[in-house]
Amino acid sequence: MAEARHTSGVTTSLFLAYLEKAAGRGAVDAALAHAGLTGREAELRDEGTWHSFTTKVRLFEAGVHVTGDAEFCLHMGAAALELNVAPALKLALRAFGSPRMVYANIARANTRFSWSHRMEIDEIGATRARLRWFDISGEGFHPLDCDYNRGLLACVPQLFGLRPAHVSHPECALRGDERCVYEARWESGATGLRRLFGGRRAAHRRLAATAGEEHQIAEELRASLRDLVSALDLDEVLAKVVNHAHVAAGGREFLMLLRDDSGWVRVRARSNVPPDVAKAIEAWANDRPEVGTTSVVLDDLAEAPELELTAGRAVGSLCSAPLVLGDESLGALVALGAGRDAFFPRDIGLLEVYAAQAAIAVHNARLVGRLETLASRDPLTGLLNHREFHETLEREIDRARRRDGRFGLLMLDVDRLKELNDERGHAAGDGALKAVARAIVDTCRAGDVAFRVGGDEFAVVLADAGAEDAHRVGQRLRTAVADLGLGVGLSYGTASWPADASSKEALLLRADGRLYSSKPAGRDRRVAVPAGDASVAAGPESLVARVLGVARTTLGLELSCLLEVKGGHFVVRAFDGDGDAFDVRPGTAFALHETVAQRLTDLGLERALVDPSEHELLRDMPTVTECRMRAFVAVPIRLSSGRLFGVISNLSREPRGPLVPAEERLLTLLADAVARELEREERAEEAAMTGVHALLAALEARDDYTGQHSESVVGLASLVARALGLSAREARHVEHVALLHDVGKVGVPDHVLSKRGPLTEEEWELMRQHPLIGERIVAAIPPLAHLASAIRGEHERWDGAGYPDGLVRDEIPVASRIVFACDALHAMTSDRPYRRAMPLAAARAELAANAGSQFDPDVVEALLGVLDETTSTTSTTSNDRVLDRAEALDLDPDHVA
């Protein structure tokens with residue numbers, strides 16, 4: 001059973017501090033043992049905790065026993081000002097200015113110590129006060145508690161440099177009186193020379209004490225802020241806020257109200273506040289808009305009808321401080337007092353300071369939460385994305401192996417989406433994808449997890465499901481999508497673990513194979529998703545786009561861009577915002593010495609938001625004057641090796657104020673996220689390519705030409721990519737597609753692959769499957785999955801007559817178009833067992849003749865330009881035999897391979 005909440009940790013902390021000062025460390029251990037509280041010292045020293053009246057009495061009795069001082073509690077109370085306990089309360093009491101005003105507000109002060117008894121003022125004069133002490137909990141009275149009260153009341157004048165008050169106890173409930181009564185008498189001050197010199201000394205002591213207490217509170221607030229900002233999870237931050245709030249308003253209960261997307265403020269964290277009381281305060285706050293923007297104090301909750309539920313619940317007053325950051329109201333921090341009039345004026349100020357700290361921590365946590373959501377969610381449908389899909393599969397496989405369990409997998413493809421886009425526009429297609437996503441979520445079971453893994457591709461991981469379960473869910477999903485009436489359908493393929501596979505890759509291949517075999521023949525043609533589609537989580541570029549978007553919108557600037565350091569230049573890798581206004585596009589290069597980012601780094605102003613037009617060392621730079629730049633901040637991206645990769649630059653033509661700490665922290669988090677993702681992707685891609693090279697070696701063992709051919713196409717395709725102005729990353733993407741474009745031939749039978757003569761139509765049907773097989777192999781390797789669509793499209797023609805999907809012009813990934821032309825050139829100029837190579841001049845003529853029909857004309861132009869420069873390295877033979885015209889008119893590399 002939980003301990004009753006009668007006595008504040010201020011009292012137990014004061015007890016331990018006084019005992020250790022009076023009798024030493026050993027006395028503390030002995031007292032805790034005597035009271036049966038060994039092991040609870042840290043809790044008892046925490047001023048924010050609460051304990052039962054019984055615990056307080058046991059401690060008081062232990063103090064008397066250990067020290068042998070019958071008046072231990074009287075002396076402890078009288079020494080309260082000397083001990084390092086409750087500095088905020090002491091400052092608040094001094095703010096009243098005189099002993100008379102402190103005694104007049106004694107009821108408020110008492111709520112810091114006790115919720116079991118109430119103290120009220122009965123009479124008060126210039127140097128005399130009469131106070132009453134009531135039992136409001138049924139716990140009764142104790143003589144040691146009476147001594148403690150006398151000691152506390154005696155030290156009030158000492159707050160103002162005066163001698164202690166004389167406190168008598170004319171009535172005591174333990175002697176049969178109705179309640180306890182205390183009478184305090186104090187001096188008004190000294191006279192004559194004594195007043196002059198004694199008053200100065202008293203004022204000096206007050207100032208010293210106040211300065212010490214202010215310093216202690218500031219240190220506690222700083223320690224609290226450090227702890228708050230060390231947490232990035234929102235729920236953890238909220239818990240820390242309510243746990244540390246007693247630093248600002250000790251001895252109370254607290255609620256955190258946060259504003260949700262609808263504008264409603266809701267209780268998101270609370271200390272020991274009953275749920276019905278929390279609900280009533282939430283409703284009260286939503287009826288009071290000012291709660292989110294200014295401090296509100298209710299000295300008597302009985303005067304607020306909507307808070308009538310709080311009556312009799314040890315809650316009598318309320319103080320609310322807003323959580324505000326910039327112009328945004330995040331919610332409010334609410335402190336609750338046990339009785340009426342529980343809050344001093346200074347309490348409000350301290351609570352506001354603490355709430356401002358809490359607002360920073362909450363804002364940080366929310367920003368990190370949004371970033372994590374961006375990294376894990378598909379922005380169009382809200383489903384988990386490609387990366388999360390593969391991570392979930394790996395977790396499920398690990399769990400199933402450890403527990404001898406099972407699960408199912410559904411791979412889903414939206415049919416006829418291309419036709420919908422062509423007929424009604426991409427907005428209609430996006431709407432259909434959203435509707436399909438909702439249907440998937442609504443139709444699946446509670447424990448199933450849905451993902452969008454590509455443009456029109458979805459997946460569902462089915463908890464504790466076998467093959468039949470997966471098939472039933474697939475049928476329900478297909479029916480649900482058909483019932484949407486959007487003109488699209490759904491094909492699905494199933495696989496189950498461990499019945500269908502012993503590895504993740506095999507499981508994916510099995511489900512994917514069944515998916516494609518189920519698709520309606522001739523009615524669906526897959527379309528390559530454009531590289532800039534942010535819904536496709538393919539490597540770091542997708543994350544970079546999202547990071548830049550978060551940076552730009554959060555900072556309220558016009559442009560955010562990723563700049564990579566290359567050979568004395570900053571090169572634009574990606575940007576979000578109005579690139580035209582600043583003459584920025586991917587591939588734009590700026591000399592380092594001409595950039596504001598480098599100049600700020602030289603000046604030691606990284607992460608400082610400046611107005612370049614007002615800075616004497618920046619205002620005359622061409623980039624500042626030409627773009628009319630009024631706000632700029634950049635954060636460096638450093639890899640784990642310490643190497644500077646580049647910067648995230650953020651700029652605007654409109655000025656704005658300096659960065660707040662939360663924004664500085666966000667920029668650092670974003671830069672670290674980009675650096676980690678770049679390194680992770682590079683390591684994963686290198687590891688994956690090691691495995692791919694082993695696969696290509698196996699293919700070369702079956703067909704020596706294919707291995708040599710792929711290696712040769714890589715170099716040629718790389719040169720063409722650069723001639724077309726593709727970025728270094730895009731060129732590497734092309735190289736990988738060139739290396740892997742024939743990997744699907746591992747699934748082509750030996751008798752077809754190594755046949756020395758022309759292929760039959762049936763054999764050609766088998767050969768035409770290799771782009772599909774290659775796509776599935778690469779898609780099953782997460783670090784290389786972003787290459788899958790280009791592998792699939794490597795035999796598509798510019799005029800739409802290619803295979804497997806009949807894509808046209810720019811629908812074909814650019815890497816596919818480059819590799820297709822380079823592949824054809826190398827095939828024509830290579831010796832094969834059944835024919836000799838075509839002369840390079842003839843092959844060049846065929847490329848030119850088929851530009852605009854079979855090949856992308858821009859690619860052909862770039863390829864011919866590369867040949868002009870590298871003729872000697874491109875041609876592998878000079879045989880004079882030329883292919884028959886009929887054979888050359890269809891320059892599919894597989895027709896001449």
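**Basis.** I worked from a predicted model in which local features need pLDDT of at least 70 and side-chain atom pairs count only at pLDDT 80 or more, while totals for chains, interfaces and linings use all residues. Residues are numbered from 1 along each chain as its sequence is written, and side-chain values use heavy atoms, with hydrogens and water left out.

Entry 1: I took helices (H or I, at least four residues) and strands (E, at least two) as DSSP runs, numbered from the N terminus. Strand E3 (residues 117-124) runs antiparallel to strand E4 (residues 128-135), and 7 bridges join them. Two strands pair if DSSP finds at least two bridges between them. A hairpin of 3 residues connects E3 to E4. I found His-117 opposite Asp-135 in E4.

**Entry 2: helices H2 and H4.** Helix H2 (residues 25-34) packs with helix H4 (residues 53-67) at an angle of about 130°, the axes being 8 Å apart. Axes are lines fitted to C-alpha atoms, for helices over the stretch in contact, and angles run from 0 to 180 degrees between N-to-C directions. This angle makes H2 oblique to H4; angles under 35 degrees count as roughly parallel, over 145 as roughly antiparallel, 65 to 115 as roughly perpendicular and the rest as oblique. I noted that residues of H2, including Ala-27 and Leu-32, meet residues of H4, among them Leu-59 and Val-66.

**Entry 3: sheet E13-E14-E12-E15.** I found 4 strands in an open sheet, in the order E13-E14-E12-E15, with antiparallel pairing. Strand E13 (449-452) and strand E15 (489-497) stand at the edges with a single partner strand each, so one side of each has no neighbour in the sheet. Neighbouring strands of this sheet are turned by 20° against each other on average, direction ignored. Strand E12 (residues 407-415) and strand E14 (residues 457-463) run antiparallel and are joined by 7 bridges; Met-411 has Ala-459 in E14 as its bridge partner. Helix H16 (residues 426-443) lies across E12, E13, E14 and E15, at about 10° to E14. Helix H17 (residues 467-482) also packs on the sheet and touches E12, E14 and E15, its direction making about 165° with that of E15.

**Entry 4: Glu-388.** I located Glu-388 in helix H14 (residues 386-403). Glu-388 is buried, with a relative accessible area of 12%; buried means under 20%, exposed over 50%, and partly exposed in between (1.4 Å probe, protein chains only). Leaving aside neighbours within four places in sequence, Glu-388 is in contact with Ser-376 and Phe-451, contact meaning heavy atoms within 4.5 Å.
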